[in-house]
Amino acid sequence: MARKEPRTETMEINHRKVSFPEGVTVHRAAELNGVYIPSLCSHKDLSPFGGCRLCMVEIEGMRGYPLSCNTVAQEGMKVLTDTVMLRELRKEILKLILSEHPSSCLVCNERTECQDYQGTIRKAGVTTGCRFCPNDGQCELQDLVEKIGLTEMDYPIYYHGYEPEHDDPFYDRDYNICILCGRCVRMCQEVRGTSVLAFTYRGPRVKIGPAFGRSHTEAGCEFCGACVDVCPTGALADKVSKWDGKPDGCYVSTCPFCAIGCQIELYHKNGRFSKAAANIDPEVNDGQLCVKGRFCLPEVTHHFERAKKPMLQKGNYFREVSWAEALERVAAELKGIQPDEFAMLVSPDLTNESLFAAQKFVRDCLGSRNIDSTARLELGGGLGLWSKLFSLPISIKNIAQADVILAVGLDSRFNFSVVGTKVRKALDRGAKLVTIDPRDSNLARYTDDWLRPLPGREGLLLKFFADSLAGRITDLPWVAEETTVNVPLLERALEILSSSKDLAVIIGPQVFHYDNNEALGDSLMTLAERKNTNFIPLYFGANARGALEMGVFPEIGPGGMSSRGQGIGLEEIVNGSKRLKAIYLVGDIPFFERPDCDFLIVQDIYLPPFKVDAFLPASTFAEAGGTLVNMEGRVQEVVQVENPPEGAVMGFMRPDWRIFADLANSLKGNSMNYKTSQDVLREIRKTVPDFPARLGRKPRRMKAIDHPEIHKPTVGKTSEGDFLLVAEPAGYRHRGIDISSKVGGLGELALEEGFRMHPGDIDSLGLKNGDRIRLSFDNGKVSAGGAVRADVECPRGVIYYTRPVVFGGLKHRRELLPLYILKQNPIRVNVSRIGT
Amino acid sequence: MNEKVLTQNFGLDHLFRIEVYLEQGGYRAAKKALTEWKPEQVLEEVKKASLRGRGGAGFSAGLKWGFVPKKTDKPKYLCVNADEGEPGTFKDRYILSHNPHLLIEGIVIASYAVGIHDAYVYIRGEYEVIALRLEQAIAEAYGQGYLGKNILGSGFDLDLYVHRGAGAYICGEETALLESLEGKRGNPRLKPPFPASVGLFQNPTVINNVETLANVPFIILNGAAWFLAKGLPNDGGTRIFGVSGAVNKPGIYELPVGTSLREIIFTHAGGLKPGRKLKAVIPGGMSSPILKAEEIDIKMDVDSVAAAGSMMGSAAIIVIDDRTPILEVLKKVAKFYAHESCGQCTPCRLGTNWILKIVKRMAEGKGEQGDADSLLRLAANIKGRTLCPMGDAAAMPVFSIAKKFKEELEASLKVKT
C-alpha cells in the first residue's frame with residue numbers, strides 16, 4: 001500500500017463522492033479520503049481480523065453492519081460511516097472493551113489533572129492515585145474514547161488481575177490492559193513469520209502469549225519489537241522507556257548498528273533520547289527492525305559505564321582532565337614522533353564525517369600513511385572483492401520482488417532481520433527459496449531446497465551454481481562429494497535457480513569469514529555478470545562501505561587507491577612486525593591486551609579493557625549528527641538527538657571529527673577548520689568524486705577499485721580431530737564494544753557465549769548442557785576451554801563459537817583467546833571434558 | 001406413513017460392519033451414482049430433492065455444492081462436520097455409531113458430484129469410541145474398494161480421513177472447523193471469502209453435516225420426488241429429532257419434516273411425566289430461541305420454525321417442565337456460551353461474559369432491578385454484530401428467555417430479597 005496507486009474507482013461515503021484505487025477495503029478507501037472510521041484491530045500491514053467490531057458501517061444493499069476492514073470497496077458503493085445507529089453501536093462495543101480495561105484514565109474525573117502530569121507518571125500516580133498504564137500518550141484506545149465521545153460506563157471494571165510479566169528481556173507485558181486486538185499475534189505470524197505470540201485459552205480468559213506456557217525466549221522470540229510497535233494500548237512496552245512518559249517528539253534517523261541502514265524514529269524526552277521505534281520507510285525497512293535497532297540503542301548510549309571525560313595517565317594515576325590539557329598532551333606526544341612511528345585504527349561504525357576527518361588528520365596533518373580500519377576484518381575476502389560487490393546494484397527492497405532467492409548462510413533472527421522479512425514477503429508472493437547452510441536457521445523451514453554442505457564449503461557450492469548458470473563446464477559428482485551434499489538435492493537446486501527470471505542472492509556474513517575465500521570470490525564475480533541478479537552481501541560494521549569510500553586504509557584513500565603507497569596497518573600491529581611509538585585507536589578495540597607502543601591514545605564511548613595513556617571521550621550516534629553509507633550505497637543521515645552542554649553533569653563528549661579538528665588545531669593551527677559536521681560533508685563532496693551532492697538516500701553503485709587482493713587459503717597445518725570447529729563473526733559490535741556487554745537483555749540471551757553444539761553430540765560425549773569442555777588442536781599443543789551449550793541448529797559433528805573483531809566488554813571471553821588468533825577456519829579439533 | 005429412512009436398520013446387530021451393511025443393500029446408491037450417472041446428474045437430483053442442511057443453518061445442500069467452482073486447478077475438499085457440540089443435540093452420534101457406512105456412502109456420492117478427491121470427517125473429540133468405529137468402517141470400505149483409487153471401477157478416486165477435534169464448541173462453526181483441521185487454533189474466519197471458494201488450505205471446500213450426507217444415498221436410490229414426498233416441497237425428507245428433557249421417552253425420533261412439535265413431544269416422546277405441565281421448549285438445540293408452552297403448535301421444518309420466531313437448528317428438542325426455574329435454564333445457557341466463546345471478537349467475548357456475570361448474581365440471589373433489561377440489551381448488542389454465528393447462538397436464547405420469561409425472572413429477584 002506504500003506505492004501510490006491511481007484512484008480509478010468512485011464511491012459515495014457519507015453522501016460525498018470519493019475516488020479510490022481498485023482492490024482496497026472500505027476502511028482504506030475512507031482513510032484515503034480523510035474519513036475517519038474508528039478501529040482498534042486493523043493495521044495496514046496485517047490481514048483483517050474483525051475482532052474489535054468498531055469499524056462497522058452501513059452499506060446500501062448489504063444486510064446488517066458490514067465490517068469496513070474486510071469489505072472490498074466497489075465502484076458505486078454507498079457507504080455511511082457515522083449514523084446515529086452506528087454511533088450507538090460503537091459506544092456499546094466500546095463500553096464492553098473498556099469493561100475489561102482499567103479505564104480510570106479515560107472517564108476519571110481527575111483526567112485533566114492526569115494529563116497535566118503526563119510527563120511524570122510517577123508523580124501522576126501520587127497525585128491521582130492512578131498507576132495503571134504507562135500513559136505515554138500512545139494509547140489509541142484513549143484517543144478513540146475521546147473521538148467516539150464516551151463519558152460514562154455501564155459496567156463495573158472487570159479487572160483480570162494478571163501478574164504483569166517482566167521475565168523476558170526487552171519488553172514488559174501487562175495483559176490487564178490488553179484489548180485482544182490481535183495485532184501483535186498477526187504481526188508475529190504474518191510479517192515476521194515467527195509465530196511466537198498466539199492466543200491462549202478462550203472466551204473471556206483469552207490471553208496473548210507464547211503457546212503452551214513457554215517463555216518468549218523459549219518460543220523463539222526474535223525480540224524485534226514489531227508487536228510492541230503495533231500495540232494500541234500500553235500492554236506491551238519497552239522496559240527501558242516504559243515509565244518515561246509521553247515523549248516530547250521524535251526524529252527520523254538511521255540505525256547505526258548495521259549496514260542495512262534501517263530508518264528509525266528516535267523519541268526524546270527533556271532533551272534526552274528515550275526510545276527507538278521502526279519508521280514506516282518503504283525504501284529500506286518498512287516498519288520493521290531487529291532486536292539491536294529496536295531495543296539496544298538507549299542502553300548503548302546511556303549505560304552508566306559510559307566514559308564521559310577526557311583522561312590522562314599521570315604518573316601512576318589515570319586522571320580526569322580538561323579537554324585543553326588532554327589535547328595539549330596528545331598533540332605534544334604526536335609532535336615528537338616520526339610519521340612512520342605512528343598508526344591509527346578507525347572503526348567502521350564511525351560516520352563518514354569522522355572517518356574522513358580521521359584520514360585527513362593522519363595523512364595531511366601528521367603526514368603519515370598509517371591509517372587502517374577493522375572494516376578489513378569484517379569485509380572478508382579482501383577490499384578489492386568488496387569494492388567490486390559494492391559496484392553491483394544491491395537492493396534490499398527488491399528482494400521482495402525476486403522469484404528465486406538463494407540464501408547462503410543467512411539467519412535473520414537477530415541480525416539482518418529486515419532482510420528476512422523481505423524474503424518472507426517474496427515467498428508469500430510465490431518465490432522459491434534455495435538455502436545453502438550447514439546450520440539450521442529461521443528461514444530454513446520455508447526453503448524449497450536446503451543444501452547442508454560441510455562448513456567452509458559453501459563457496460564451492462556457490463561456485464558450482466555460478467559456473468553452471470554461466471554455462472561453464474562443472475563437475476557435479478565431484479562437488480557433491482567435496483561438499484557432502486546429495487546429487488539430487490544439487491540437481492533440484494540447479495533446476496530452481498535456472499528457472500529464475502529475477503534472482504536474489506543473499507550471502508550471510510559467516511560465509512566471508514572462512515579462511516578460504518577463493519571459490520567464493522570467483523563465484524561472486526561470475527554471478528555478477530549475470531543479468532537480473534540482486535546481490536545482497538551481508539557484513540558487520542555499519543559504515544564499512546563508507547570506510548572504503550572515505551579511504552581509511554593504507555592502500556586506499558578517499559575515492560580510490562591511495563597515491564601514497566603502502567603504509568603500516570592492522571596486520572603489522574597485530575603480529576608486531578613493526579613497533580610503533582604511538583597508536584591511536586578510534587572507536588575500535590580489536591585487542592584484548594594493550595598493543596605494544598609508547599603512547600596509546602583511545603578515542604571511544606567506553607574505556608578500553610587495558611591501560612591507555614590518553615582517553616578522549618567521543619559522542620555516540622545520539623549526540624552527534626552525521627551520515628552513514630549502507631550496503632546499497634544510500635547515504636543516510638544520523639540525526640543528533642541530544643545536544644547537552646559540556647559540563648560535569650552531562651559529560652564532555654565530542655564528535656570524533658571535532659576531536660580530530662581540535663587536535664589538528666593544537667598541532668598546526670587552522671588546518672582542519674570544521675565547525676559543524678556539514679563543513680566536513682562539504683569537503684567530502686569535494687574530495688570523494690562519487691559522493692552525492694545531496695542526501696537523497698538513493699542507492700549508488702560504487703566504482704570498483706582495481707585491487708587484486710583476495711584471501712588465498714592460508715597453508716596451515718591440517719589438524720586432526722573428531723569435530724570441526726567453526727568461528728562465527730560477532731554480530732553485536734558497535735565501535736569498541738560488543739553491545740551485549742552493555743545491553744542487559746542481550747546479555748541475558750547470551751547468543752554468542754561459549755561453544756555451541758548439537759544436543760546429540762553433547763549426549764554422545766557424555767556431557768551436559770553448560771559443562772565446560774576443552775578443545776585441543778595441533779596435536780594438543782594449543783588448547784582452549786569454555787562452556788558448551790546445546791543448540792539444535794548446529795549440524796552434527798560441528799562446534800561453533802563466536803570470534804569477535806572488537807573486544808570491548810568481552811573480558812569474560814578471554815579464555816577463548818587461543819582460538820581468536822587461529823588463522824584456520826574451520827579447523828579440526830578434539831574435545832575433552834574439563835573436570836570430572 | 002411413519003416410515004424410517006436413515007434409522008430404518010438401526011435395530012440390526014453389527015450394522016456398522018460392512019458385511020451387514022452390504023446385506024441391507026448398502027453401497028448400491030454409490031454404485032448407481034458412480035457407474036450410471038454423471039456428476040452433474042447427481043448434483044441436479046440432490047438440488048431437486050430440496051435437501052436442506054441438517055447442521056443448523058438449513059441451507060440447501062445442492063446449492064452449496066453448486067457454489068464450488070467447476071473449472072479450477074486447485075484441489076477441492078469435502079469436510080464432514082461431525083463436531084456435534086450443541087447442547088441437546090445427539091443425532092449424528094447415532095448415525096456414526098450405528099451406521100457409519102451410510103455416511104461413507106454419502107461422502108462418496110457427494111464427492112463424486114462435486115469432483116472432490118479428498119474428504120475429511122471432523123469428529124467431536126469426545127466421540128472417541130465412535131471415531132474408532134468410523135475409522136474401522138473406513139478401513140473396511142477401502143478394503144472392499146468403496147474408497148481409494150478407482151472406486152467400483154468408475155475411475156473415481158477418493159481418500160477419506162478422520163480428524164478428531166479437541167473439545168471446542170466453536171469448531172463446529174464451519175470456518176473454525178477448517179482452521180482446526182489445518183492444525184491451527186479454532187478461530188472462525190472472516191467471511192467473505194466463503195469456504196466454497198476459499199476453504200480448507202485455501203482451496204474450494206464443501207462442508208456438510210453428517211445427517212445431511214447420510215440422506216444422499218436414499219435420494220440417489222429413490223429419486224428426488226420420493227424424497228420430497230417424505231417431507232415438504234421446499235424441505236424434503238425426514239429428520240432425526242433428538243428429544244431430551246422432561247419427557248417420558250427421551251431419544252431420537254426419525255419423522256417426516258413438518259411433523260408438529262406438539263405431536264413429537266406428546267405422541268412420540270411419550271409426553272411429560274404425570275402431574276407436570278409443559279413450560280417451554282427449545283426446538284432446535286440450545287442456540288435456538290425458546291418457545292413457550294402455548295407456542296408449540298408449529299410444524300417442524302426450517303421455514304415454519306423460523307416463522308414462529310425460533311430456529312429449526314439441529315432439530316434437538318429440549319423440553320422444560322414447570323418444575324424447572326427458568327433462571328436455571330438461563331444459567332446453563334450463559335455458562336455454556338461464555339465458556340465456549342473463542343474470544344476473537346469483542347461483543348461475543350465480553351458480552352457472553354457479562355451475561356454470565358449477571359445471570360450468576362441473579363442465581364445467587366444478588367440480582368438487581370433491571371437485570372433482565374441488561375440481559376436484553378447485552379444480547380441485542382451481540383446479535384448480528386459478531387464475527388461468526390456463535391455470537392447469535394449465544395444471544396438468541398438469552399434474549400428470548402429474558403423477554404418471554406421476564407416476569408418470572410423479576411419475580412425470582414423479589415423472592416430472594
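For the record, I count a salt bridge when a side-chain nitrogen of Lys or Arg is within 4 Å of a carboxyl oxygen of Asp or Glu. Between chain A and chain B I get three salt bridges.

Housekeeping: this is a predicted model, where local features need pLDDT of at least 70 and side-chain atom pairs pLDDT 80 or more, while totals for chains, interfaces and linings use all residues. Residues are numbered from 1 along each chain as its sequence is written, chains are lettered from A and ligands numbered from 1 in the order written, and side-chain values use heavy atoms, without hydrogens or water.

Next, polar contacts: 17 residue pairs link chain A and chain B this way, both residues at pLDDT 80 or more. The cut-off is a pair of N or O atoms within 3.5 Å, one able to donate a hydrogen and the other to accept it; residues adjacent in sequence count only if both atoms are side-chain atoms.

Which elements of chain A supply at least two residues each to the side touching chain B? I found α2 (84-99) and β6 (197-200); helices are DSSP runs of H or I with at least four residues, strands runs of E with at least two, numbered from the N terminus. α2(A) gives the largest share, seven residues. That side of chain A has 19 nonpolar, six polar and five charged residues, where Ala, Val, Leu, Ile, Met, Phe, Trp, Tyr, Cys and Pro are nonpolar, Asp, Glu, Lys and Arg charged, and the others, Gly among them, polar.

I then checked the totals. Each chain puts 30 residues into the contact (heavy atoms within 4.5 Å). About 2,500 Å² is buried between them, 54% of it on carbon and sulfur atoms; that is accessible area (1.4 Å probe) lost on putting the two parts together, summed over both.

Last, the backbone. A cis peptide bond joins A:Asn825 and A:Pro826, omega about 0 degrees, and A:Pro826 is in the loop between α26 (817-820) and β35 (827-833) of chain A. I noted another cis bond from B:Pro192 to B:Pro193, with B:Pro193 in the loop between α8 (174-181) and β4 (205-209) of chain B.
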